[in-house]
Amino acid sequence: MENVLSVKNLTKKFKHMAVDNISFDVEKGNVYGLLGPNGSGKSTTFGMLLTTINPTSGDWYWFGEKGTSTDTLKKIGAIIEQPNFYPYLSAEKNLQIVAEIKGVPFTKIDEVLEIVGLLGRKKDPFKTYSLGMKQRLAIASAMLNSPQVLILDEPTNGLDPEGIIQIREIISNIAKTGTTIIIASHLLDEIEKICSHVIVLKNGTSLYSGSVEGMSNSKGFFELNAENPENLMKILTDLNLFSSVKMKENLIVAQISDDISAKDLNQILVKKDIFLSHLVKKKESLETQFLELVKK
Ligand SMILES: Nc1ncnc2c1ncn2[C@@H]1O[C@H](COP(=O)(O)OP(=O)(O)OP(=O)(O)O)[C@@H](O)[C@H]1O
């Protein structure tokens with residue numbers, strides 16, 4: 001897979017360490033989440049990659065080329081701060097100003113307004129827009145130059161549930177066209193719903209970088225029950241398929257070490273004259289996986 005971005009040992013020290021020797025790759029066409037609590041170094045990382053902050057040390061490569069050249073910036077669309085538009089001008093007029101700066105034909109404006117669902121409101125002044133609409137207009141503005149990479153810093157901050165869903169749908173539609181997207185967020189739920197890959201930051205250090213599913217080595221667990229739970233627990237332990245078998249809130253929880261389907265386990269147990277009253281295979285939520293990662 002082609003790398004759109006490769007970050008190597010990137011470090012920024014202000015008074016304290018803000019970003020501490022992080023390395024990660026971003027593959028073309030995926031949606032990446034930069035996940036971490038406030039102050040974990042997300043915005044500083046974006047700032048360095050977009051040349052607004054000088055790094056202390058480390059390198060990065062956009063499209064295989066070292067650093068961030070002016071030509072590279074033309075291939076990137078970014079929303080890092082609150083959208084800044086002229087309040088009394090319409091969305092269309094505001095985008096005309098951006099299009100002129102970016103050297104993009106005005107014919108592109110309707111296309112990007114359509115992507116963010118604002119075509120019907122293009123004549124309305126920016127100041128009459130809701131927060132969600134303002135954020136959508138910012139995305140339209142970032143999409144004007146048909147970027148290969150879209151960078152969004154906390155894109156749903158402050159939005160109501162409907163606004164959040166709209167932004168998510170827009171991001172997912174843009175991703176479907178093959179645009180690589182990098183989103184900074186402190187919300188696990190957001191990353192889980194939108195991203196295929198995640199880079200977890202804590203105190204400027206990268207704890208994990210890879211696919212969302214790969215964040216935990218866990219193969220998941222079974223919740224089970226039967227008429228005689230003690231007997232079931234003993235049989236499960238003897239099967240040597242589980243790293244642990246424990247009673248939890250009236251259910252037996254068996255942590256899977258050797259991958260096995262619910263159907264296969266049920267068949268094994270039936271042969272041992274165990275008839276289950278409850279059998280569910282589950283995987284830890286991203287939240288549990290994240291907490292385990294941070295604990296380590
Ligand atoms: N210009 C600056 N001067 C000094 N310290 C800074 C500066 N910018 C950021 N920091 C510090 O660097 C650390 C990382 O901040 P950063 O804004 O990158 O985190 P973040 O993960 O984006 O959090 P948030 O979502 O709150 O912005 C914090 O401790 C912050 O106080």
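Two residues are counted as in contact if their C-beta atoms, placed from the backbone, lie within 7 Å. The structure under discussion is a predicted model, in which local features need pLDDT of at least 70 and side-chain atom pairs count only at pLDDT 80 or more, while totals for chains, interfaces and linings use all residues. Residues are numbered from 1 along each chain as its sequence is written.

Let me begin with V198. Setting aside neighbours within four places in sequence, V198 is in contact with G33, L35, I191, Y208, V212 and M215. In the largest nonpolar core, which has 58 residues, V198 is one of the three that touch the most other members, together with A140 and I183. Such a core is a set of buried Ala, Val, Leu, Ile, Met, Phe, Trp, Tyr and Cys residues joined through C-beta atoms within 7 Å; buried requires 20 or more other C-beta atoms within 10 Å of the residue's own, these atoms again being placed from the backbone. Helix α5 (residues 131–143) gives this core its largest share, seven residues, helices being DSSP runs (H or I) of at least four residues, numbered from the N terminus. Another core, of 10 residues, lies apart from it and includes F222, I252, A254 and L265.

I turn to the domains, whose bounds come from an automatic or database assignment. Domain 1 spans 3–213 and domain 2 spans 221–295, with C-alpha centres 41 Å apart. Seven residues of domain 1 are in contact with five of domain 2.

Finally, the ligand. Its shell holds 13 residues, the closest being F14, A18, N38, S43 and T44; a residue qualifies if its C-beta atom, placed from the backbone, lies within 6 Å. Helix α1 (residues 42–49) supplies the largest share of that shell, three residues.

Key. Helices (H or I, at least four residues) and strands (E, at least two) are DSSP runs, numbered from the N terminus. A residue is buried if 20 or more other C-beta atoms lie within 10 Å of its own, exposed if 12 or fewer, and partly exposed in between; C-beta atoms are placed from the backbone.
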